[in-house]
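I opened this entry to look up how the two chains meet, and then how one of them is built. My notes follow in the order in which I looked.

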Amino acid sequence: MGNLCHFARFDLKPAFRIDLDDLGVRYRKRAREVHPDRFADAGEREKRQVLEESAALNDAYQVLRSAPMRARYLLSLRDGELPLEVTVQDPDFLIQQMQWREELEELQDSADLPALAAFKQRLKAAQERLNDDFELCWQDSARHAEAVRLMRRMQFLEKLNHEVRDLEERLDD
Amino acid sequence: MAYSEKVIDHYENPRNVGKLDAEDPDVGTGMVGAPACGDVMRLQIKVNEQGIIEDAKFKTYGCGSAIASSSLATEWMKGKTLDEAETIKNTQLAEELALPPVKIHCSVLAEDAIKAAVRDYKQKKGLV
């Protein structure tokens, strides 16, 4: 079971577009089935297997529920492992990222909540556009480089999204 | 995680933060990013007629180690020729800043930014 594909763990076929609610339902059902508490009276070997199964299930869920991680996983399944940490040189995108971070810094100073909400909307729209673009090209091996570039952009935007949420929490306090 | 004193010094008093005119023919700009951390780094150099880097500026959005690595990189590049600047290695930056293993990639990003800035300058001048 250890080498089972992340999608197969949830009886899903590899796909970028997935229903996250449905994934959550499948995850909770499987998680109950392999919950260590249910194997309290089992033998040591079985207990260990269940623990491994449970850990693998959590890993798979963490990867599949995040668009950039799911994208990286799909490309890795087909083309081999893609490193998590690389240096990207994608000038126009990076210039835009720098501008967005400057804006976020200003929002932090001004504590302007409506403006922060608008920023968040813009970020979400950009993430959706990236997801749409990725969906159109990832299965075409001739467009591998483009798919990787889009996946890297998704990683940046997800990180930015975390920072937006952190800032929201700080401003809420 | 505890930062070294040198990282904290560069983080609190970053050297050479700012921007040079990217359209200036004597300026080379390197834009690099680390997607998993979300770090974005801009490193720029201004080269004089003798081929010496007379000014260097950076702007980095990222963790303390990434900011310190790029700050130190600009310090080291000033006064050097392009060829000398290109020999700056991430391992030297990491050693000087006493970066822990999990932060080595921040120094790699800074080295890549140096190379990107030098390459941009050389392309502008038709040297490559």
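Predicted model: local features only at pLDDT ≥ 70, side-chain atom pairs only at ≥ 80, totals over all residues.

α5(B) gives the most, with six residues. Helices (H or I, at least four residues) and strands (E, at least two) are DSSP runs, numbered from the N terminus. By residue type, this side of chain B divides into twelve nonpolar, three polar and five charged.

For the conventions, I recorded that residues are numbered from 1 along each chain as its sequence is written, and that chains are lettered from A and ligands numbered from 1 in the order in which they are written. Local features need pLDDT of at least 70, side-chain atom pairs count only at pLDDT 80 or more, totals for chains, interfaces and linings use all residues, and side-chain values use heavy atoms, with hydrogens and water left out.

Next I looked up the extent of the interface: 20 residues of chain B are in contact (heavy atoms within 4.5 Å) with 17 residues of chain A. The two chains bury about 1,600 Å² between them, 64% of it on carbon and sulfur atoms, buried area being the accessible area (1.4 Å probe) lost on being put together, summed over both. In chain B, Met31(B), Pro35(B) and Tyr61(B) lose the most area to chain A, together 42% of what that side buries.

How many salt bridges lie between chain B and chain A? I found zero, taking a salt bridge as a side-chain nitrogen of Lys or Arg within 4 Å of a carboxyl oxygen of Asp or Glu, although the count over all chains comes to 24. I looked at one in chain A, where the side chains of Glu128(A) and Lys124(A) meet at 3.9 Å, N to O; both lie in helix α5 (residues 113–137) of chain A, four residues apart, about one turn of the helix.

Last, I noted that chain A comes to six helices and zero strands, and that the model scores ipTM 0.86 and pTM 0.89.

How values were computed: Nonpolar A, V, L, I, M, F, W, Y, C, P; charged D, E, K, R; others polar.
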